[in-house]
Amino acid sequence: MAIVEVKVPQLSESVAEATMLEWKKKPGEAVAVDEILIEIETDKVVLEVPAPAAGVLAEILQPDGATVVAEQLIARIDTEAVAGAAAPAAASAPGAAAPASAPAAAAGAGGAKGDVAMPAAAKILAENKLSASDVQGSGKDGRVTKGDALVAVAGGVKSTAAVIPTGVPTKALPQVAAPASSRQDLGDRPEQRVPMSRLRARIAERLLQSQSTNAILTTFNEVNMAPVMELRKKFQDQFTKEHGVKLGFMSFFVKAAVHALKKFPVINASVDGNDIVYHGYFDIGIAVGSPRGLVVPILRNADQMSFADIEKKIAEFGKKAQEGKLGIEDMSGGTFSISNGGTFGSMMSTPIINPPQSAILGVHATKDRAVVENGQVVVRPMNYLAMSYDHRIIDGREAVLGLVAMKDALEDPSRLLFDL
């Protein structure tokens with residue numbers, strides 16, 4: 001037997017521990033080299049743990065939901081074993097994941113697809129002396145998920161159908177895979193309690209930290225987006241053909257923000273104790289929604305990026321965020337952030353500063369509105385901008401003029417070419 005150890009990957013200096021999500025393999029199953037075995041969630045990112053060698057997963061040492069640290073041993077791979085052979089006795093040790101035969105066992109005598117339980121679900125059902133055949137699965141091909149198992153256990157019944165009253169759509173209670181969750185059968189008012197993920201808890205911590213340590217004020221302005229929209233429409237096809245990516249609005253906002261930060265460097269600065277740190281570079285954070293919560297990847301040296309570079313990088317960040325593949329290096333640092341609530345239809349908001357930064361720009365939905373120009377009421381596509389800033393180091397003058405500089409750059413994009 002040739003055993004290869006599987007360990008938790010190196011975490012960043014600021015991350016002490018992580019949480020195991022769900023094993024994608026069971027003991028006794030064959031694995032290929034670099035095949036993803038499990039994902040591990042830190043308070044910043046989700047890391048994939050690939051198989052260091054091909055073989056058979058011989059033993060799982062840390063189950064779903066376990067808290068682990070960097071370099072901790074979590075599994076072993078037998079590079080000489082054959083898939084389907086009996087799994088080592090160690091695989092059934094306390095704390096290990098469900099054995100290789102769990103799905104078959106959970107399926108019951110009939111072995112129908114709909115009676116098969118996922119590994120985490122099989123473990124929960126076994127611990128509570130329930131059979132997968134007694135639970136209505138909501139997963140693919142009727143498989144019993146972890147959420148289904150938790151519902152059955154919490155409800156004290158053998159079928160999830162009995163937990164959700166007639167007339168209440170099952171999608172009203174989403175199946176959330178969490179380390180520990182519980183549901184209460186309250187007639188026609190059911191509830192589900194799910195612990196925060198590490199990422200969500202970290203977001204909450206940072207937002208509270210921001211509000212308790214910064215003297216946050218928000219200044220507002222409105223911008224006529226017609227010039228940007230006309231420019232975008234004029235060059236969209238040619239831009240897409242040349243660069244392989246669409247010309248969006250965010251690149252204009254990034255360019256306008258950098259333009260203003262150059263004029264008012266304190267907006268790009270940060271507080272460190274009793275010192276003000278002025279950054280000679282422009283790393284712009286772009287707030288992106290992901291299935292696991294808000295993340296803020298960084299456009300590094302944004303002042304040196306072209307419109308195409310910015311659009312490509314933002315598209316890359318969006319894809320990685322949806323797939324949970326943003327790395328720690330993608331989100332470390334940042335000197336200023338932009339949050340685009342307009343994507344979801346927001347008309348106005350007061351964004352919260354992302355520490356240790358000192359300011360953040362909130363962008364909203366562009367809508368046709370009645371405005372006055374030269375004494376006449378006309379209709380223009382308007383966008384309300386909001387910039388929150390730390391009043392400890394940024395005075396109202398710099399904040400207001402900084403936002404005006406962004407407004408001017410957007411209403412006359414040619415200013416960006418001549419740095420005016």
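Me: How do the residues lining the second largest pocket divide into nonpolar, polar and charged?
Reply: In this predicted model, the lining of that pocket divides into 15 nonpolar, ten polar and four charged residues.

Me: And how much space is in there, and which residues lie nearest the centre?
Reply: The second largest pocket has a volume of about 690 Å³, and of the 29 residues that line it, R206, L294, V295, V296 and N354 lie nearest its centre.

Me: Which element gives the most to that lining?
Reply: Helix α5 gives the most to the lining of the second largest pocket, with five residues. The elements that each supply at least two residues of this lining include α5 (198–213) and the strands β16 (293–295), β18 (336–340) and β19 (359–363).

Me: Switching to cavities, how many of 30 Å³ or more does the structure hold?
Reply: The structure holds one cavity of 30 Å³ or more, and about 120 Å³ of space lies in the largest cavity.

Me: What lines the largest cavity?
Reply: The largest cavity is lined by 15 residues, and those nearest its centre are L199, S290, V295, A321 and G324. By class, its lining has eight nonpolar, three polar and four charged residues.

Me: Which helix has the largest share of that lining, and which domains does the lining draw on?
Reply: The largest share, three residues, comes from helix α8, which covers residues 307–323. As for domains, at least three residues of the lining of the largest cavity come from each of domain 1 (3–78) and domain 2 (216–417).

Me: OK, sheets now: what's the strand order in the open sheet of four strands?
Reply: The order is β1-β8-β6-β3, and the pairing is antiparallel. Because β1 (3–7) and β3 (30–31) stand at the edges with a single partner strand each, one side of each is left without a neighbour in the sheet.

Me: How many bridges are there between β6 and β8?
Reply: Strand β6 (residues 55–60) and strand β8 (residues 73–78) pair in the antiparallel sense over four bridges.

Me: Which residue in β8 does I60 stand opposite?
Reply: I60 stands opposite A75 in β8.

Me: Last topic, rings: how many aromatic pairs does a search of the whole structure find?
Reply: A search of the whole structure finds one aromatic pair.

Me: And what lies over the face of F249?
Reply: R232 lies over the face of F249, at 4.4 Å from the ring centre.

Terms used: Residues are numbered from 1 along each chain as its sequence is written. This is a predicted model: local features need pLDDT of at least 70, side-chain atom pairs count only at pLDDT 80 or more; totals for chains, interfaces and linings use all residues. Side-chain values use heavy atoms; hydrogens and water are left out. Rings of Phe, Tyr and Trp (its six-membered ring) pair if their centres lie within 6.5 Å; planes under 30 degrees apart count as stacked, over 60 as edge-to-face and the rest as tilted. A charge sits over a ring if NZ of Lys or CZ of Arg is within 6 Å of the ring centre and within 35 degrees of the ring normal. On a 1 Å grid over the protein atoms alone, a cavity is a set of points where a 1.4 Å probe fits but cannot get out, and a pocket is an open set with protein on both sides within 12 Å along at least five of seven lines; lining residues have an atom within 4 Å of a point. Grid points are joined across faces, edges and corners, and a volume is the space filled by probe spheres set on the points. Ala, Val, Leu, Ile, Met, Phe, Trp, Tyr, Cys and Pro count as nonpolar, Asp, Glu, Lys and Arg as charged, and the others, Gly among them, as polar. Domain bounds come from an automatic or database domain assignment. Two strands pair if DSSP finds at least two bridges between them.
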